[in-house]
Amino acid sequence: MTAPDATQDGELYEARQKIYPREIEGRFQRLRTLAAWVLLGIFYVIPWIPWSGRQAVLFDLPARKFHIFGLTLWPQDFYFLTWLLVIAALSLFFFTALAGRLFCGYACPQTVWTETFLWMERFVEGSRSQQVKLARAPWTAEKILRKGAKQFLWIAFALWTGFTFVGYFTPVTELAGKIANFATGPWETFWVLFYGGATYVNAGFMREQVCKYMCPYARFQSAMFDRDTLIITYDQSRGEPRGARKKGVDHRAKGLGDCVDCTLCVQVCPTGIDIRKGLQYECIACAACIDACDEVMDKVGYPRGLIRYDTQHGLEGKAKKVLRPRTIVYASLLALLVTGFAVTLSNRSVVAVDVIRDRNALFRERADGRIENVYNVKILNKDREAHEFRIAASGVPGLEVDYAGPTVWVAPGAVQGVPVRIRVPRGSLQGGADLVVGIEAVNRPDLKASGKARFIAPTD
Ligand code: SF4
Ligand code: SF4
């Protein structure tokens, strides 16, 4: 498929021709299949893994808690998610500068799901030529049966995908029970159908069009490329002039390059491009053309690598540099961010406190002459066990702390509000001062936190 040429035919849009990528075997295809199995396995299996009495990974939006194995993130911890997103973005920059569109070819959900849908299509309709033949054939019983079977597989798989996606937000066993009894709520139904529908349309029909016309990464990734970035490229100096030849003929003597012009590299390309025309933004670096061409080179007895992973400097015969300012900066930033993330996460406190002033009165003058301020002290216990806390305060001279009980029990994963009265003798303070309220677990002195609030007193 070539790019539309508006100047020649006056059309600004070229109607899509369905691409039937030829199946290919080879070392990179095996790597891609392995990556697909691992990634899809992770996606479909994780919601079913139990962990300490609940689902291992559950994004519990109503409770505003994200459970990730032994870790529970509260709204106060959401900066960790932002941090993770920054790490993910920087990793993408780093690996793109280093090895081009590795993510697109091996790990992008669009690629992985499209491969899976292609596999189902081949399973039902056969090889590339059989699929083309079936598409051109009239609607016979066999065609209806094959097309129907393919649609059935696609829809079932897409719905399973939608169900799994929602299973990350609603406990998956509960969701399965609701679906079995037709008792899902409106939002659950919507998201199962929406995500399932998006999978069906994107992987079944849109396919390479998502990469070509919708993916923003395809547009800006070239900004991260330099002449030392690993790309999939056709070695023009070796391959041209291309042309058919008889086996055993000295093609060099006939003025031919190594490319036998079999077009296999084009037939296997999921985006329908011809890599021999040079680096194109449509190329998702799936390496199918490398495997195809290597197979051809093996057959004709030429060295492998006419299409290969190489850098532009490598193609020009210059030295390849992995360490260069761009990769060093990305790697250093990445190392800093990952280390900071790991240290902060491991030192993250599982208790927190919020001190909120009673807004009804600035202060109260008691019968005994002392000045009293009232606070609502909210204790957050993010741990998986209940804890008994003591409350103390400082920062105001002569203060006395009064709350119900010498200690407060807070259940695991709960927030407990405690009304706390702070009193000071009249005259010990003029105007106000910063009050610090601290909590500490009775049997775990390492579990402590503090919060600040203003203590208000009259000016005499
Ligand atoms: S697969 Fe290799 S030999 Fe065949 S057309 Fe492509 S580049 Fe040429
Ligand atoms: S040109 Fe080669 S690497 Fe690029 S998308 Fe096509 S088959 Fe994959």
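**Figure 1. Arg207 counts as buried, at 5% relative accessibility.** What you're looking at here, and in every view below, is a predicted model. Arg207 sits in the loop between α9 (186–206) and α10 (208–214). Its side chain reaches the backbone oxygen of Gly204, 3.3 Å away. Leaving out residues up to four places away in sequence, Arg207 touches Arg16, Lys18, Ile19, Gln110, Thr114, Phe117, Leu118, Glu121, Trp154 and Asn202.

**Figure 2. Lys382 makes a polar contact with Asp77.** To find Lys382, go to the loop between β10 (371–381) and β11. Is this lysine buried or exposed? Lys382 has 9% relative accessibility, so it counts as buried. The polar contact runs from the side chain of Lys382 to the side chain of Asp77, at 3.2 Å. Asp77 is also one of the residues that Lys382 touches, along with Trp74, Arg348, Ser349, Val350 and Ala352, if you skip residues up to four places away in sequence.

**Figure 3. Asp310 has side-chain polar contacts with Arg308 and Lys320.** This aspartate is part of strand β7 (residues 307–310). Asp310 counts as buried because its relative accessibility is 4%, and the cut-off for buried is under 20%. Thr229 is in contact with Asp310, and so are Leu230, Ile231, Thr233, Leu315 and Lys320, leaving aside neighbours within four places in sequence.

**Figure 4. Leu399 is partly exposed.** Its relative accessible area is 22%, and its place is the loop between β11 (387–394) and β12 (400–402). Not counting residues up to four places away in sequence, Leu399 touches Ala393, Ser394, Ile422, Arg423, Val424 and Leu435. Now try Ala253, which is 146 residues from Leu399 along the chain: the C-alpha atoms of Leu399 and Ala253 are separated by 100 Å.

**Figure 5. Ligand 1 and the residues that surround it.** Going around ligand 1, you'll meet Tyr234, Cys259, Val260, Asp261, Cys262, Thr263, Cys265, Arg276, Cys293, Met297, Leu306 and Ile307. Sorted by class, the shell around ligand 1 comes out as 9 nonpolar, 1 polar and 2 charged residues.

**Figure 6. Ligand 2 sits in the second largest cavity.** Ligand 2 is surrounded by 13 residues, and the closest are Cys269, Cys283, Cys286, Ala287 and Cys289. Its shell has 12 nonpolar residues, 1 polar residue and no charged ones. While you're here, check out Ala287, in the loop between α13 and α14 (288–300). Ala287 is buried, with a relative accessible area of 1%. Its phi is near 70°, a positive value in a residue other than glycine.

**Figure 7. Phe182 is exposed and has a positive phi.** Phe182 isn't a glycine, but its phi is about 50°. You'll spot Phe182 in the loop between α8 (172–180) and α9, with a relative accessible area of 79%.

**Figure 8. A cis peptide bond leads from Glu240 to Pro241.** Omega for this bond is near -10°. Pro241 belongs to the loop between α12 (236–239) and α13 (264–267).

Key:
Residues numbered from 1 in each chain as written. Chains lettered and ligands numbered in written order. Predicted model: local features only at pLDDT ≥ 70, side-chain atom pairs only at ≥ 80, totals over all residues. Heavy atoms only, no water. Helix = DSSP H or I, 4+ residues; strand = E, 2+ residues; numbered from the N terminus. Buried < 20%, exposed > 50% of the residue type's maximum accessible area, 1.4 Å probe, protein only. Polar contact = N/O pair within 3.5 Å; in protein donor to acceptor, adjacent residues only side chain to side chain. Contact = heavy atoms within 4.5 Å. Near = heavy atom within 4 Å. 1 Å grid on protein atoms, 1.4 Å probe; cavity = no way out; pocket = protein on both sides within 12 Å on 5 of 7 lines; lining within 4 Å. Sits in = over half its atoms within 2 Å of the grid points. Nonpolar A, V, L, I, M, F, W, Y, C, P; charged D, E, K, R; others polar.
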